[in-house]
Amino acid sequence: MLFGLFDDGNKCYFQDGERVSYTKLWMAIREYYNLPIRHNRTLAEVCQDLFVGTHSYKYSQHKWERKQLNNA
């Protein structure tokens with residue numbers, strides 16, 4: 001499911017409106033992708049097809065669209 005960071009990156013929301021803590025998000029991502037606790041990857045690198053970015057505005061203002069991956 002698509003997700004992003006809102007309110008200057010302070011709040012994480014999934015497309016369905018569920019809010020999760022940044023720490024719990026990373027715990028789940030590390031487990032799902034089998035990443036070590038200490039790694040240098042960003043949300044955009046790990047979840048490039050699901051992460052919609054960090055935004056200064058509120059979750060309710062976001063227009064949810066899946067990013068188009070450039071296959072060129």
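Rings of Phe, Tyr and Trp (its six-membered ring) pair if their centres lie within 6.5 Å, and the planes count as stacked under 30 degrees apart, edge-to-face over 60 and tilted for the rest. Phe6, Tyr13, Tyr57, Tyr59 and Trp64 form one aromatic cluster, and the structure holds 9 aromatic pairs.

The model is predicted: local features need pLDDT of at least 70 and side-chain atom pairs count only at pLDDT 80 or more, whereas totals for chains, interfaces and linings use all residues. Residues are numbered from 1 along each chain as its sequence is written, and side-chain values use heavy atoms, with hydrogens and water left out.

Among the aromatic pairs is that of Phe3 and Phe51, which is tilted because the ring centres are 5.4 Å apart and the planes stand at 45 degrees. This pair links distant parts of the chain, with Phe3 in strand 1 and Phe51 in strand 4 (residues 51-54), 48 residues apart; strands are DSSP runs of E of at least two residues, and helices runs of H or I of at least four, numbered from the N terminus. Phe3 is buried, at 3% relative accessibility, and Phe51 is buried at 7%; buried means under 20% relative accessible area, exposed over 50% and partly exposed in between (1.4 Å probe, protein chains only).

Tyr32 and Tyr33 form an edge-to-face pair, 4.9 Å centre to centre with 85 degrees between the planes. Tyr32 is exposed at 66% relative accessibility, while Tyr33 is partly exposed at 33%.

Asp7 lies in the loop between strand 1 (3-6) and strand 2 (11-14). Its relative accessibility is 18%, so Asp7 counts as buried.
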